[in-house]
Amino acid sequence: MRNNSHSPPKAGVLVNIALGFLAGCVFAFMFPNVFLPSNAITFCSNSLLGSNIQANSTQCESSDQVDLLKSEFAAVSEKNAQLKKQVQELTERFQLAKQESDRAQKQSLALAEQPKAGPFGTVKGLRTNPTVVPDESVNPRLAKILEKIAVQNELIVVLANAKVKEMLEIWFTSIKRVGITNYLVYALDEETSKFCQSNQVPVYRRDPDEAIDSIGRKGRGDQISALKFRFLREFLQLGYSVLLSDVDVVFLQNPFDHLIRDSDVESMSDGHNNRTAYMYKDVFDDPTMRWSRFIHTIRMWVFNSGFFYIRPTIPAIELLDRVAARLSRQRAWDQDVFNEELFYPSHPGYVGLYASKRTMDIYLFMNSKVLFKTVRNDAKLKKLKPVIIHINYHPDKLPRMKAVVDYYVNGKQDALQPFPIGTPRT
């Protein structure tokens, strides 16, 4: 039998080992530097962190990837610069558009403004309509010609064909003599165009159009007169004021020095004195009305459609459209239609034209009735020098035009005397 009193039991030994291990763990946790120096810990930490960074750098910063990123960045930068430029251009356009819009709005407000009426006798209505915005796309070739010829956006225009070559020569010779440079012959045929070119006269020939060219070559006078209203529209659309002249006009002064320019249409009159030219009261007698037999009316002789100044305004263009449209539908005298559209008031079934108008001074812009009926027989009036003389009342135009030149230019005092007041009908 063994003696067990001097050897500890197995359970006690195991308990002691467990307690020692536990105490060591607690001691190590509380005092780590005793068993593991701080530099060793730092070294381990840095080694682990360094290994992670090195791994990431190896994956992300390869030379191929860097080059790719650089190229993409350059492309994006270039695209961004282009977008900035486009934004800048659009911003400038927007600002310009806004300025135009503001200007138009101010003009609209000015026209639509409802001001208070001023003191008695001081109120004045709007007389001059605003001009249209020029549109060169209407006729680029004509626009280039007018840009060189026109003075302050004004010029004289005449329509002519080969049938009136002699009168046309007197017409442009008188213009040159006065020193006018802003004028243009609207040639209706090739012969007239070449004639003007040979005489250093500004000329325009429209692009070929047989329907129009046939009228220009051999059309009636009323047909040719009708064309001018359609042709004039282009001049106004291009932004130019036109002094339209027939070919039977002699220029003695520069008409642009004598225009008022306060109306859409400024025309010479067919009236032969102040009453007939500027309006007068005409009393109509109707005896059947007994007490109210005398009816008071007003009358005025018509505007002359062969010499008038027209501004590039909406009412003026509407006038040309109305006249041209009527003359295309019916055979009529263009002067009748011209005046009807200008003066007929609005009434049931008809809307009149709201265009401002002015009558020219009949002794400056003189018709041939005034000259041969009154002026040549009046000692005082004979001393006046008209701006132009229009031989509109007489069919023997060429000899009377020559006589006007002889009297007013060459000083032949009896040059006007051989002609009768009126030309006998044949």
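This is a predicted model: local features need pLDDT of at least 70, side-chain atom pairs count only at pLDDT 80 or more; totals for chains, interfaces and linings use all residues.

Colleague: Which residue does Arg-322 meet in a salt bridge?

Modeller: Glu-318, with 3.1 Å from N to O. Both residues belong to helix H11 and sit 4 residues apart, about one turn of the helix. Glu-318 counts as partly exposed, at 33% relative accessibility.

Colleague: Which residues are linked in a network of salt bridges?

Modeller: Glu-318, Arg-322, Arg-326, Glu-340 and Glu-341.

Colleague: Let's turn to the helices themselves. At what angle do the axes of H11 and H12 cross?

Modeller: Roughly 135 degrees, and the axes come within 9 Å. H11 covers residues 314-329 and H12 covers residues 334-343. The two helices are therefore oblique to each other, and their crossing is right-handed.

Colleague: Which residues make the contact?

Modeller: On H11 they are Leu-319, Arg-322, Val-323, Arg-326 and Leu-327. H12 brings Asp-334, Val-337, Phe-338, Glu-340, Glu-341 and Leu-342. Sorted by class, this contact of H11 with H12 has 6 nonpolar, 5 charged and no polar residues.

Colleague: Changing topic: what does Lys-397 form a salt bridge with?

Modeller: Asp-248, where the closest N and O atoms are 2.8 Å apart. Here too the pair links distant parts of the chain, 149 residues apart. Lys-397 is in helix H14 (residues 397-408), and Asp-248 is in the loop between strand E4 (241-245) and strand E5 (249-251).

Colleague: How accessible are the two partners, buried or exposed?

Modeller: Asp-248 is buried, with a relative accessible area of 4%. Lys-397 is partly exposed, with 22%.

Colleague: You mentioned H14. At what angle do H6 and H14 pack?

Modeller: About 20 degrees, with the axes 10 Å apart. That angle makes H6 (residues 165-178) roughly parallel to H14, because angles under 35 degrees count that way. H6 passes H14 in a left-handed crossing.

Colleague: What makes up the contact on each helix?

Modeller: H6 contributes Glu-166, Met-167, Ile-170, Trp-171 and Arg-177. The residues of the contact of H6 with H14 divide into 6 nonpolar, 4 charged and no polar.

Colleague: Nice. Zooming out, how many helices and strands are in the chain?

Modeller: 14 helices and 12 strands. Of the 426 residues in the chain, 36% are buried.

Colleague: How many salt bridges does a search of the whole structure find?

Modeller: It finds 16.

Colleague: And what share of the contacts between residues at least 6 apart in sequence join residues at least 24 apart?

Modeller: That share is 71% in this chain.

Definitions and conventions:
Residues are numbered from 1 along each chain as its sequence is written. Side-chain values use heavy atoms; hydrogens and water are left out. Axes are lines fitted to C-alpha atoms, for helices over the stretch in contact, and angles run from 0 to 180 degrees between N-to-C directions. Angles under 35 degrees count as roughly parallel, over 145 as roughly antiparallel, 65 to 115 as roughly perpendicular and the rest as oblique. A crossing is left-handed if the near helix is turned anticlockwise from the far one by less than a right angle, and right-handed if clockwise. Contact means heavy atoms within 4.5 Å. Ala, Val, Leu, Ile, Met, Phe, Trp, Tyr, Cys and Pro count as nonpolar, Asp, Glu, Lys and Arg as charged, and the others, Gly among them, as polar. A salt bridge is a side-chain nitrogen of Lys or Arg within 4 Å of a carboxyl oxygen of Asp or Glu. Buried means under 20% relative accessible area, exposed over 50%, partly exposed in between (1.4 Å probe, protein chains only).
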